[in-house]
Amino acid sequence: MFPNSILGRPPFTPSHQQHNSFFPLPPTLYSHQQLIDAQFNFQNADLSRAVSLQQLTYGNVSPIQTSTSPLYRGRKRLSDEKNLPLDGKRQRFHSPHQEPTLINHLVPLSGERRYSMPPLFHTHYIPDIVRCVPPFREIPLLEPREITLPEAKDKLSQQILELFEACQQQISDLKKKELCRTELQREIQLLFPQSRLFLVGSSLNGFGTRTSDGDLCLVVKEEPVNQKTEARHILTLVHKHFCARLSGYIERPQLIRAKVPIVKFRDKVSCVEFDLNVNNIVGIRNTFLLRTYAYLENRVRPLALVIKKWASHHDINDASRGTLNSYSLVLMVLHYLQTLPEPILPSIQKSYPESFSPAIQLHLVHQAPCNVPPYLSKNESPLGDLLLGFLKYYATEFDWDSQMISVREAKAIPRPDGIEWRNKYICVEEPFDGTNTARAVHEKHKFDMIKDQFLKSWQRLKNKRDLNSILPLRAATGKR
């Protein structure tokens with residue numbers, strides 16, 4: 001059912017299932033002529049191969065209504081929609097609480113358009129000698145293995161666990177996102193038959209919440225794509241396709257011409273906001289790296305979730321406003337757990353270099369977590385002490401002026417002297433491409449505000465040992 005995710009299942013596949021039967025897939029090259037062909041495909045999409053919006057149903061629910069949404073009258077948006085800031089913090093939409101039903105695949109794509117890259121599941125197939133791409137087959141949903149949460153022996157640790165259990169992303173939430181990804185991939189392949197759409201980010205890396213947005217990566221080739229020209233052109237075609245054919249299924253598609261351009265939209269069925277980029281390959285790789293860390297030790301996910309909630313509450317978790325993005329915050333949590341006198345996490349890139357090499361082909365990256373067993377640490381610190389230690393470490397111990405946070409090295413390392421690292425107040429190394437994930441923090445007053453929150457929260461929590469003193473639990477749980 002879900003070819004490019006393992007749907008919340010911890011990444012430790014039984015050894016008898018750890019095999020690979022896929023041929024290496026040669027990278028797909030999109031020339032200028034092929035991009036012209038894609039535009040031709042957009043203008044002449046064969047309706048018999050597309051998913052008919054009138055026929056698209058969700059289980060026993062009535063077909064999606066294709067009448068014009070209030071936001072769309074003719075080709076124009078309402079005036080209040082046109083004035084929405086594109087770079088503001090995205091609006092949140094709560095996922096419905098009812099269990100989603102499976103979509104009816106009424107009009108499957110014909111064979112020559114259906115398969116572009118191998119499915120990211122272990123499966124047997126009869127090789128296609130000409131194209132070297134295994135045929136797609138629906139895979140039954142694999143239920144997650146039960147994970148035992150850490151024991152809470154004090155009030156603060158218990159509060160952290162309760163917040164985590166109330167707000168963590170559910171498997172049903174992930175199913176809804178995966179369902180949307182599957183249908184959108186089918187539509188996009190009408191334009192780019194050799195493309196593949198990946199679900200990435202917090203939805204799949206183990207650190208998502210009930211309200212986490214969905215991040216999608218459209219891969220058209222395994223080489224870098226010029227984001228200013230090629231990616232924008234591809235997304236322009238995708239955006240036009242969404243507006244022309246999918247207005248009954250998604251709403252508010254916007255093409256954001258940023259440094260890394262994206263198409264933003266909202267899925268009407270799941271009520272999830274999505275961001276779609278082109279060829280952010282490193283985002284696919286780090287999704288499975290973080291997923292491995294998330295399930296390596298049972299204190300990692302609860303601690304990371306409460307820290308993300310804390311940062312959001314204190315307005316220091318928004319890169320569009322010059323503060324920290326969630327990815328950087330998670331890396332900061334992992335780094336702290338790696339640098340304790342008795343580490344709770346190792347560097348898995350050092351311990352398993354062959355599993356997390358940047359050279360591994362994309363259709364194989366999901367297998368990497370299967371090679372890493374749970375980490376047994378001698379550090380038995382409760383969650384409450386770890387939260388206090390995290391705040392203290394970045395408030396009083398970490399040298400922001402000369403050090404860089406490196407999860408890859410499992411330690412703080414000297415800051416590089418490159419142009420990307422100059423005039424940046426926080427340096428967090430991306431584990432695969434070595435860039436600075438916290439480059440949005442480039443104003444001193446924003447950096448001072450972040451440091452001040454670490455210090456004040458540490459002092460307040462140390463005195464009261466009550467999570468409500470730094471994060472009102474009722475409000476945090478209500479937001480999910």
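Q: Which residues of β6 lie on one side and which on the other, and are they buried or exposed?
A: As a general idea, side chains in a regular strand alternate between the two faces of the sheet. In β6, I262, K264 and R266 are on one side and V263, F265 and D267 on the other, and all of them are buried, so that both faces are covered; here buried means under 20% relative accessible area, exposed means over 50%, and partly exposed is in between (1.4 Å probe, protein chains only). Six of the six residues of this strand, residues 262-267, are buried, so β6 is largely enclosed by the rest of the structure. The model is predicted, so local features need pLDDT of at least 70 and side-chain atom pairs count only at pLDDT 80 or more, while totals for chains, interfaces and linings use all residues. Residues are numbered from 1 along each chain as its sequence is written, and side-chain values use heavy atoms, with hydrogens and water left out.

Q: How many bridges join β6 to β5, and how many join β6 to β7?
A: Strands of a sheet pair through backbone hydrogen bonds, in either a parallel or an antiparallel way, and two strands are taken to pair if DSSP finds at least two bridges between them. Strand β5 (residues 250-256) is joined to β6 by five bridges, and the two run antiparallel; a hairpin of five residues connects them. Strand β7 (residues 273-278) is also antiparallel to β6, through four bridges.

Q: What is the order of the strands in the open sheet, and which are the edge strands?
A: The open sheet has five strands in the order β3-β4-β7-β6-β5, with mixed pairing. Its edge strands are β3 (196-200) and β5, each of which pairs on one side only. Neighbouring strands of this sheet are turned against each other by 25° on average, direction ignored. Strand β4 (residues 214-219) pairs with β3 over five bridges in the antiparallel sense, and L197 has L218 in β4 as its bridge partner.

Q: Which strands does α5 touch, and which does α7 touch?
A: Touching is read from contact, meaning heavy atoms within 4.5 Å, and directions are read from axes, which are lines fitted to C-alpha atoms (for helices over the stretch in contact), with angles from 0 to 180 degrees between N-to-C directions. Helix α5 (residues 171-188) packs on the sheet against β3, β4, β6 and β7, and its direction makes about 160° with that of β3. Helix α7 (residues 230-245) also packs on the sheet, touching β4, β5, β6 and β7, and its direction makes about 160° with that of β5.

Q: At what angle do the axes of α4 and α9 cross?
A: An angle counts as roughly parallel under 35 degrees, roughly antiparallel over 145, roughly perpendicular from 65 to 115, and oblique for the rest. The axes of α4 (residues 155-167) and α9 (residues 300-313) come within 9 Å and cross at roughly 85°, and the two helices are therefore roughly perpendicular to each other. On the α4 side, I160, L161, L163, F164 and C167 meet R301, P302, L305, V306 and K309 of α9.

Q: Which residues are linked in a network of salt bridges?
A: A salt bridge is a side-chain nitrogen of Lys or Arg within 4 Å of a carboxyl oxygen of Asp or Glu, and by this rule the count comes to 18. K350, R408, E409 and E429 are linked in such a network. R408 and E409 form a salt bridge whose closest N and O atoms are 2.8 Å apart, and the side chains of R408 and E429 meet in another at 2.6 Å, N to O. R408 lies in the loop between β8 (403-406) and β9 (411-414) and E429 in the loop between β9 and α13 (444-464), so this pair ties together parts that are 21 residues apart in sequence. R408 is partly exposed at 28% relative accessibility, whereas E429 is buried at 7%.
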